[in-house]
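Here is a short briefing on one chain.

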Amino acid sequence: MAPRADSQPGALADSPAPDPTEGVGAPGSVPSAPVTRRKAPRPRGRAPWWVALIWLGPVLALIFGVVIYPAIELVRASTGEYSITGLRRGSAGTENYTDVLQHPALGTVLLNTLIWVSAVVAITILLSLGLAQFLSKEFFGRRMVRWAVLVPWAASLVITARLFTLIYDYYHGILNVFLMKLHVIDEPIDWLGDDSWTMPSMIAVGVLVSVPFTAYVLLAGLNAIPDEVHEAARIDGAGPWQAYRRVTFPLLRPALLVSAVLNMIYVFNSFPIIWTLNDRNPGYTHDTTITFMYKLAFKSADRDVGMSAAAGVFNVLLILVAVVLYLRLVKWREEDPT
C-alpha cells in the first residue's frame, strides 16, 4: 500500500498554514471577542505633579520659613532706620551699608575672621586626616575610642566654651597649673586677656570641636576605598607613604572637599566659642564678623539694628565668596565627558 501524503517527510512544512481568520463571520460561527487596546502604563519613577508637591511641600515650607523668609527680612532690615529700642522709623537706603564699610574696626574684624577660619579649618583637616587613618585600623577598644572622639562635637558649644574659660583661668586654671608643674612656664599666662594669646586660645577650642565631625567624614571616605586598590599598590611595590600619597589621598578628595566646605561655613558662623571666650574683652580687638554684627546691635555704643543687618548681609556674601574661591582653587567641578 502506498504511504499517505500527510505522512511523507516535509508534508507539514509544505502544507499551507491555516488562516486564523477563516470562518469569521461565516454563518453559524461564534464571533470573536472585540480587541481592546490597553492604556500604556506610566513609566516607573514618574508621578503626577500634585503627588510630588505633597511630598516636597513640607520641605519647601521649611526652607521658605527658615532660609528664604529670614533672608528677605535681613535685607529689608538692612535698609531701615531703627531707634535704640529696635523700632523701625523709616527707610535708610544704603546708609547702613556705608556706615559698616566706614566702621573703624572693620579691618581688624576682617583680619580676625581670616585668621580664625583659615587656622581652624587647616589645622582641623590635618589632624582629622591622621585621626581618621588611626580609627580605620583594627585595635582593641576601637569602638570606645570612636565614641569618645564624638564627645566634643556632641556637647553644647556654650558648655564647651565655658569649660575652657575655667581651664584657661589665670589663677586657678588647670592649664597654667599643669604647665607650671612641668616647668614649661614660670608664671601664669592670661590666655584670654593677653592679646597675643587670645586668638590662639580660641583657635584651639575651635579645632577641638571641629575635629570629630571632620574625622568621621574622612573615615567614611577611607572605608569607601576598595581593598583591592591598596593591594594593587602593594603589588606594584609602593611603600606606605607612596600608597597614601598616590592612591589613598586622591581617592579621599570628595570627602576632603565636603568636610572643608562644611567646616568653612561652620567656623564662619561659630558664635558661641568666640563670644563666650572673648566676652570680657572690650572693643572689637578679637571679634570676627559674626560677633561684630551682634555687638553692633546690642553691645556697642552704636546700638543700630540696621547696621547689624547690613553687616549680616556682608557676612553671608563673604561666606559665599570664600566657598566659591576655595572650590575654584581646588578645581572642584565635573569633568567634561567630551
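Histidine 183 is exposed, at 67% relative accessible area; exposed means over 50%, buried under 20%, and partly exposed in between (1.4 Å probe, protein chains only). This is a predicted model: local features need pLDDT of at least 70, side-chain atom pairs count only at pLDDT 80 or more, and totals for chains, interfaces and linings use all residues. Residues are numbered from 1 along each chain as its sequence is written, and side-chain values use heavy atoms, leaving out hydrogens and water.

**Backbone at histidine 183**
- Histidine 183 sits in the loop between α7 (174-181) and α8 (195-223); helices are DSSP runs of H or I, at least four residues, numbered from the N terminus.
- Phi of histidine 183 is positive, near 60°.
- Most residues other than glycine have a negative phi.

**Nonpolar cores**
- A nonpolar core joins buried Ala, Val, Leu, Ile, Met, Phe, Trp, Tyr and Cys residues through side-chain atoms within 4.5 Å.
- The largest has 46 residues, and Trp116, Leu129, Ile203, Ile273 and Leu277 have the most contacts inside it.
- Elements giving it two or more residues include α4 (106-135), α12 (271-278) and α14 (305-329).
- Its largest share, 11 residues, comes from α8.
- Another core, of 14 residues, lies apart from it and includes Val100 and Ala310.

**Annotated segments**
- An unreviewed UniProt entry lists "transmembrane region" for residues including 47-72 and 147-171; such annotations may be inferred rather than shown by experiment.
- Residues 47-72 are 92% helix and 0% strand, with end C-alpha atoms 33 Å apart.
- Residues 147-171 are 76% helix and 0% strand, with end C-alpha atoms 33 Å apart.
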